[in-house]
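My notes follow, point by point.

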Amino acid sequence: MPINTEDFAMASLKKKIEKAHSRTLTPRQMTFARHIVEGIYSNAESARKAGYKTSLAQEHASRLLNGRDYPHVPVSYTHLTLPTNPYV
């Protein structure tokens with residue numbers, strides 16, 4: 001079975017962020033970050049797609065992105081958007 005390089009990169013990034021912030025990214029937080037990075041969905045829609053309750057999606061999105069309640073989540077999506085070209 002071939003190794004998916006995107007999954008490998010995500011796992012590596014996840015470990016790096018968790019170590020730097022001494023906090024663990026949950027699967028929902030990681031999925032939320034991926035949807036935000038895609039840029040297709042609103043913050044609330046990204047939260048809904050990540051599995052957060054529909055009626056509280058906007059609140060969860062706000063908390064995940066404010067950098068205070070979950071400081072490691074904004075860092076994860078920031079890292080996902082950084083260029084991977086070694087010359088940049």
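1. Helices here are DSSP runs of H or I with at least four residues, numbered from the N terminus. Please keep in mind that this is a predicted model, where local features need pLDDT of at least 70, side-chain atom pairs count only at pLDDT 80 or more, and totals for chains, interfaces and linings use all residues. Residues are numbered from 1 along each chain as its sequence is written, and side-chain values use heavy atoms, with hydrogens and water left out.

2. α2 itself has 12 residues and reaches 17 Å from its first C-alpha to its last. That is close to the 16 Å expected at 1.5 Å a residue, taking 1.5 Å times one less than the number of residues.

3. Gln29, Met30, Phe32, Ala33, His35 and Ile36 are the buried residues of α2 (under 20% relative accessible area, 1.4 Å probe, protein chains only). His35 counts as buried because its relative accessibility is 15%. Beyond its neighbours within four places in sequence, His35 is in contact (heavy atoms within 4.5 Å) with Tyr41, Ser46, Lys49 and Ala50.

4. The largest nonpolar core has 12 residues, among them Met30, Phe32, Ala50 and Tyr52. Such a core is a set of buried Ala, Val, Leu, Ile, Met, Phe, Trp, Tyr and Cys residues joined through side-chain atoms within 4.5 Å. At least two residues of this core come from each of α2 (27–38), α3 (43–49) and α4 (57–65).

5. Tyr52 also has the charged end of Arg28 over its ring, 5.3 Å from the centre (the criterion is NZ of Lys or CZ of Arg within 6 Å of the ring centre and within 35 degrees of the ring normal).

Key
Buried means under 20% relative accessible area, exposed over 50%, partly exposed in between (1.4 Å probe, protein chains only).
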